Amino acid sequence: MMVMSSGKRRIRIFDTTLRDGEQTPGVSLTVEDKVEIAKALDRLGVDVIEAGFPVVSEGELASVRAINRLGLTSQVCALSRVDVADVDSLISCDIKYAHLFIATSDLHLQYKLKLTKKQALETAVRGVEYARAHGIRVEFSAEDATRSDRVFLTQVLQAVENAGAERIDVPDTVGTMTPERFTELIRYIKSIVKIPISVHCHDDYGLAVSNSLAGVLAGADQAHCTINGLGERAGNASLEEFVMAATRLYNLEVGVDARLLYETSRLVARATRILVQPNKAIIGENAFGHESGIHTHGVLSMPATYEPMEPELVGARRRIQAGKHAGSHGITAQLKALGIEVSRDEVKRIVHRVKEIGDTGRTVTDADLDRIAREVIGLEKRNPYFKLTDLAVVTGINTVPTASVRLKVGDGQTITVSETGVGPVDAVLRAIQQVTDKFTKVTLREYRLEAITGGTNAEAEVLIKVEDDSGNVSSASSTGQDIVMASVDAMISGINEIMLRRSRSSQGAESNPPKLKVE
Ligand code: KIV
Ligand code: ZN
């Protein structure tokens, strides 16, 4: 057991985003994606990065090789079955730390591997010995350990320990453990092997993090986790949740820099195209978001009233949302951030208008709030920073969707660019960003398209959320029958809101036009 100078027990984080996480149905990462994520995981400070399963494809092999050559501080590991061809693929990547596995449950032996217990045990031992003979350190997983016959599991674990494995991993492969049963199993395994123990929990019943915590409390010193809880089926234990619960609720220590959790999560979401659910603990958009009047009032007076930790601890930001549950404190604070001071009477009227929109079932965006407030207090419409003056989009068979846009910037200069995309909306949003990126880098965080009415001439609503590199987030929406135009309109409004926030936070007042970024 490793106890730190702080007196806390140190738990190792084995990140399997690039292996089990990539096994999320529909996810496939390029070598470049994997390298970028591996670098981010290294910055985050995970102890082990499971870079992939090299035998599955040429691309996977190239990714593992490339990651292994980066010279990262985190230990780079790769997955392998206990057979020679798999271990050889690790050797060809110069991998020094292997995650070797074979299933041990009757179910897997009978229906998947078609091996007797004796054959499985011998294969496991041979695989470990082969890897060890090639100088590779071995972490051994008994796949489906939690549904395996205890006597056989014991035999296999002791045999691979004797064959030279340096760590045993206990996978709850289909997530059927409970914290109580997993505690008992880990205590038992700890009593039969001398080497350290890892836990690898899946989230089929939503218990992956709880089971992982139970496992480390019972004596395991390493947890397998993935960013955003990605992984087979319902996923693996979420790294963000495990790290924050382990350190803040159980007084354990990890080597991870929690302040990088949010940005790492977003990087993985972008690369995998698996969006983080808004209500996901720790790194979801709503994890530090508040709408209801009672909560926003509480949080604005004292954040701890409705927040279990400061958002900055995980690199996130507090977000106040306007909507039908809103109250005057939250709306006043939101307007202040937009540079609009309101009287008590004005805020009442604004809140009333906000609730009216909320009651229709619509999301009240930042751009809506800005517009409502200006109407209520009789301020002129803002001069937009960016204004669309021309747009052409081409798409079709044998034609790469291409968009040309011309935007007028505050001081009157006009910029024209063309961009391609996977579709017309993608092309046009990319073209807009190409212009606005010259002033400030803005990333599209969320894009939602909903048909409000039926038929091919349906009214559609586009809702977008954009974020700049300082973490300013802004939402905007637009409705129309032409989804390209609605997307453009929402995007430009969102970016204009961001520009406004930036000028407010840098100067305390609105400034127009934005300054061209010096590269
Ligand atoms: O869930 C699992 O059992 C696995 C093994 C490969 C360890 O991912
Ligand atoms: Zn798994």
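Leaving aside its neighbours within four places in sequence, which residues is Lys465 in contact with? Select Lys465 and you'll find Arg319, Thr443, Leu444, Arg445, Glu446, Val473, Ser474 and Ser475 in contact with it (heavy atoms within 4.5 Å). Lys465 sits in strand 15, and it counts as buried because its relative accessibility is 10% (buried is under 20% relative accessible area, exposed over 50%, partly exposed in between, with a 1.4 Å probe and protein chains only).

Before moving on: this is a predicted model, where local features need pLDDT of at least 70, side-chain atom pairs count only at pLDDT 80 or more, and totals for chains, interfaces and linings use all residues. Residues are numbered from 1 along each chain as its sequence is written, and side-chain values use heavy atoms, leaving out hydrogens and water.

Next, select 261-272, which is helix 10 (helices are DSSP runs of H or I, at least four residues; strands are E, at least two). Ten of its twelve residues are buried, including Leu261, Tyr262, Arg266 and Leu267. Show helix 1 (31-44), helix 9 (239-248), strand 14 (442-451) and strand 15 (460-468) as well: the buried residues of helix 10 pack against them.

Last stop: helix 1 with helix 2 (residues 58-68), packed at an angle of about 30 degrees with axes 9 Å apart (axes are lines fitted to C-alpha atoms over the stretch in contact, and angles run from 0 to 180 degrees between N-to-C directions). Pick Val31, Lys34, Val35 and Ala38 in helix 1 to see what meets helix 2.

Terms used. Chains lettered and ligands numbered in written order. Expected span 1.5 Å × (residues − 1).
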